[in-house]
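Hello,

Here is the structure I said I would pass on. My notes on it follow below.

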Amino acid sequence: MKRVLCIATTTHRANELRKKFNNAKVTTLTNLINELFEIYSDKAVLDDLVATTIIYNLIKDNKIEYFDYLEANDTSLEIIYDYFVKLGLNDVKIEDFKYKKAKREALQELYKLYQEYKKTHNFADLSDMVDVAIANIDKYLAQFSEVYKDNFEINGLKLYHSKKEKIFLDKIKANTLNLTTTCTPTLYHHKVFDSLDEVRIAIKIAKKLLLEGNKCEDIVIATSDFNEYAPYYEILADEYGIKLYDTMGVSLATYSTTPTTLYHHKNENVQKAYFEYQTKLKALNATLDELGLKNDKLASTLLANTKVRKEKEGILFIDTNKLLGLDKKYKHIIFIGTDITHFPPELKDNFLFTAKDAYEKFNTNNVFTASKVLYDELKRISENLYIITSTYQDKRKLTPSIIIDKNITNKLDISDIKSKYDIIKSNKVISDKNEFEKSISSDEYSAFDGLLGGEFDNGNSLSASAINTYVKCPLQYYFRYVLGLNKPQNDEEGFDSAGRGSLMHKCFEMFVNEMKQNPIQADEKNQVDLYKLMLTISQEAFESDEIKKIIGYDKDGNLKLNIYHKIELKNLQKGLTNPDETKQELAKFVDYYIKHKFNDFQTSLPEEEFMLDIDLKPTTDENERFIKGFIDRLDELGEEINIIDYKSSLSSYSKKDFLFKDGKLKNYQLGLYMLYAKQAYPNKKYNSHLISFKKEKPQIIALNDKEYNDEYEQNLKQGIFEIRDNINSGKFCFDNSDCEWCDYKHICFYNELNKGGDDE
């Protein structure tokens, strides 16, 4: 007896249809294409990691100079591969893009080589797979008595991803599965401080609903940006005593990178994911060996990409896109990520195609239309929709998305929902509290406060910034340098202070290098030419790989460039072209150069790298290095050594931070520079400076060789060795004296406690 075939838009929709059609074969568009390819083709599917390795080797072997700057695991290779696949999926030619001649010819050559390589080695990418599916779908469908398929367009929103997928769907003559669920939800709107608070309020609402008798399956927390918000729910769920799960999973690498640990992990899902990782790694290495190729980062990249799935226990935390096209009614949907920067999201350009190209050539949905349909879909399937909106990103005020309904007055009262820390802080502590709760309510340091004990080796490899971080707060050092935790990133904010500083540094570095190679005399009469040069250099710096890495790429390989990045660049450039503008850092740097000459930078060393061994003596042997650092600029000015470190601002620095008080030093940076310079360039005069061009006149904090005397050097060395010993013995007790701007305050509640000191 022939079966019924149902083709669903998403995996969640497929699960829904399996309950409706008991004996039917239910599949998704993606799975159907994969199945048809497996049945009707003898070619091997080209894995993404293998594909980027192939493209890299094609560039190097054929000496394609335009892309010769790329490194073996550069994310730009992923963008190139994605672009090539999109060309095939949408019948688009490279000539359809407005490239300069050199870029167009390089892409054409590489694309031709890529296609030939696939043919020679019997590989197929997604475009080839869809071609096979189109050619064989009629034959495949003959085995089914009836075929049903979802509507793959909802009010103008396309749920297929390419021109060829549309052709494939059109070839399938089937009954349309219409959606019948229609709700008129009660809308609630909570405006909160930031994205962390969005998740906190969402969890409190969920907890409130559970206490009122709702079941976990009645509630969904949906987000417009899963990657940004997911880490927060991991942190906060336990704090409020509820369970959440998601269907995306978390990276296997977050559990460990040690094979033995993963193999014997107490979590069976981790063991299962590790087995899948080993199996795939073995297969990929075999493929690369057969091709005569090598990818040194294959294991680490695959480990990061392998996901550990959670048990489906508790409340579902999900990307809003995965709720599209469902015919299920939810009692409560809690929607986060609804401010103007998240909803609709911005479709970003990359170095091969723009957002406009994506719309016009690659079948990409208009983000505003998609978000509008998505919001309407959430309302269609929910009886109650709770909208939560951030009002700030860092210091920038936000407004709700223009898509969200205006004048929503309903708000759920969650004032009675407390976290375990709220209860402990209010002295309502249960008598059988666990060790963690004891730590929170105790005045004594414990392992939960960073007093870990044991043996560490992180103290054997330090830098000035690492030392200063430890001095500021040992627990912050532990999060950053021992655990390697990244601070939260907000893709819509543009550069953070560190990113803006890096762009400024890059401009200064490139300017000094240009002066060394093609000097322009430091003179007032050359000011306009020097301004023009700095303007050109700043644009080149902005487009450099170094700054692109800071901006970052999304999961599809697109550069996360937004209007705020461009505004930061324009702000830095003020005063270079328009004399009526208030000069900013770049113009002020040029003026500073004209005023002080510095031998036209001919004896300057930008980005001077230095290493000190365990005896704090200079070394060039990486295996011997104890401390490693970079000096932004070192000027050899005859008998004087001038050390410069550029800062975006000096507002958080004070001269006294660089001087010892009661045997303690708050900032080791200038002292370390002096320690290195006096040994590397002996018998000179030395001055070490921090300089900022933020204000009208350059601000400078300096340490000279009179202040840096023998006693200072002895105390400096002693302090460094004490820090090393404390780190290696596991002393990471928090210091809550300056928590307001800490990058890790979202995972540390110690800014609310006071240990090792008196309450104010």
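Two rings of Phe, Tyr or Trp are called a pair here if their centres lie within 6.5 Å. Please keep in mind that this is a predicted model. On that basis, ring pairs join Tyr81, Tyr83, Phe84, Phe97, Tyr99, Tyr111, Tyr114, Phe353 and Phe362 into a cluster.

Over the whole structure, the search gives 44 aromatic pairs. One of them, between phenylalanine 21 and tyrosine 148, is tilted, with 5.3 Å from centre to centre and 40 degrees between the planes. Phenylalanine 21 sits in the loop between α1 and β2, while tyrosine 148 belongs to strand β5, 127 residues away. Phenylalanine 21 is buried at 17% relative accessible area, and tyrosine 148 also counts as buried, at 18%.

Next, helix α7. Its residues Lys164, Glu165, Phe168 and Leu169 are buried. Viewed down the axis of α7, the buried residues fall within an arc of 140 degrees, so they line one face of the helix. Their cover includes α2, α4, α6 and β5.

Last, the second largest pocket. It holds about 640 Å³ of space and is lined by 26 residues, with Lys103, Asp349, Asn350, Phe351 and Thr354 nearest its centre. The lining consists of 11 nonpolar, three polar and 12 charged residues. Helix α13 provides the largest share of this lining, four residues.

Regards

Technical notes. Residues numbered from 1 in each chain as written. Predicted model: local features only at pLDDT ≥ 70, side-chain atom pairs only at ≥ 80, totals over all residues. Heavy atoms only, no water. 1 Å grid on protein atoms, 1.4 Å probe; cavity = no way out; pocket = protein on both sides within 12 Å on 5 of 7 lines; lining within 4 Å. Points joined across faces, edges and corners; volume = space filled by probe spheres on them. Helix = DSSP H or I, 4+ residues; strand = E, 2+ residues; numbered from the N terminus. Nonpolar A, V, L, I, M, F, W, Y, C, P; charged D, E, K, R; others polar. Buried < 20%, exposed > 50% of the residue type's maximum accessible area, 1.4 Å probe, protein only. Arc of directions from axis to C-beta. Contact = heavy atoms within 4.5 Å. Phe/Tyr/Trp six-rings, centres within 6.5 Å; stacked < 30°, edge-to-face > 60°.
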